[in-house]
Amino acid sequence: MKTTACRPPARLAAMFAALVLTGSFFVLGSDPQVRVLLFSGQNNHDWRTTTPKLKAILIEDGRFAVSVTEEPEHCTATTLAGYDLIVSDWNAWGDAKVKAWPPAAREAFLDFIRSGKGYVSIHAGSSSFYDWPEYQQIGGLFWNLEATSHGPPHQFNVEFTSDHPITRGLAPFTTKDELWIRPGVHPAARVLATGDGQTLAVTTALGNGRGFALLLGHSAEYMDTPGFRALLRRGAEWAATGRGQQTSP
């Protein structure tokens, strides 16, 4: 899978800066695409299959342009400037090689979100950096070391609990996935969906930025559910732009 490094050459950095200043990111003959940087390369789940699946779902309808980086710890303000949204299929769980980001990467990430951009995490994509309050706030959902558990993947019903642009018009659905029991939920998060009474999806905020966290998507095979695909696209659209995408599964 072709990936984008978070350390662009100087010429590319200058191009990014010029495009940002002129507002010139667009696709000829269509509405502007949402520019997504997909964090990957490290996860206690099978990111080698889930990352391509997430990218395929997002680009399928032409609304999103997706690049992938397997080294988010090297992202800078310059490289993030070319994007509207970060989607996380990455975490620092367990014996991960990268356990912390350097200060420059943390600052670039926070400035990106606070400026009005978006962040989406899938399944365990925000189960990192338990000593970083701002990351926990925008991530919204995480594995609570003292309370969270799960059984084997099984079928369960997904219900919507809030009227929100992400969920508006969607019908409850049945899926098969790994269901987290008592997940960690940030106190400021707004719950949008539950599965068998367990929190599955929330929205968050940090500065002017928006976040969407979805605990579905344990593996690529469970991402083919129409409900998952609709929630991913709608959550990504809203986190990046503040608008809803009224597509149906």
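I began with Arg182, which is partly exposed at a relative accessible area of 47%. I used these cut-offs: buried is under 20% relative accessible area, exposed is over 50%, and partly exposed is in between (1.4 Å probe, protein chains only). Arg182 has a positive phi of about 55°, although it is not a glycine. I found Arg182 in the loop between strand E9 (180–181) and strand E10 (184–185). Helices (H or I, at least four residues) and strands (E, at least two) are DSSP runs, numbered from the N terminus.

I noted what I was reading. This is a predicted model, where local features need pLDDT of at least 70, side-chain atom pairs count only at pLDDT 80 or more, and totals for chains, interfaces and linings use all residues. Residues are numbered from 1 along each chain as its sequence is written, and side-chain values use heavy atoms, without hydrogens or water.

Next I looked up His123. Is His123 buried or exposed? His123 is buried, with a relative accessible area of 3%. Its phi is positive, about 55°, and His123 is not a glycine. His123 sits in the loop between E4 and helix H5 (133–139).

Then I turned to the sheet. Nine strands form an open sheet with mixed pairing, in the order E2-E1-E3-E4-E13-E12-E11-E7-E8. Two strands pair if DSSP finds at least two bridges between them. Strands E2 (64–69) and E8 (173–177) stand at the edges with a single partner strand each, so one side of each lacks a neighbour in the sheet.

Last, I checked one pair. E4 (residues 118–122) and E13 (residues 209–214) run parallel, joined by five bridges. Val120 has Phe212 in E13 as its bridge partner.
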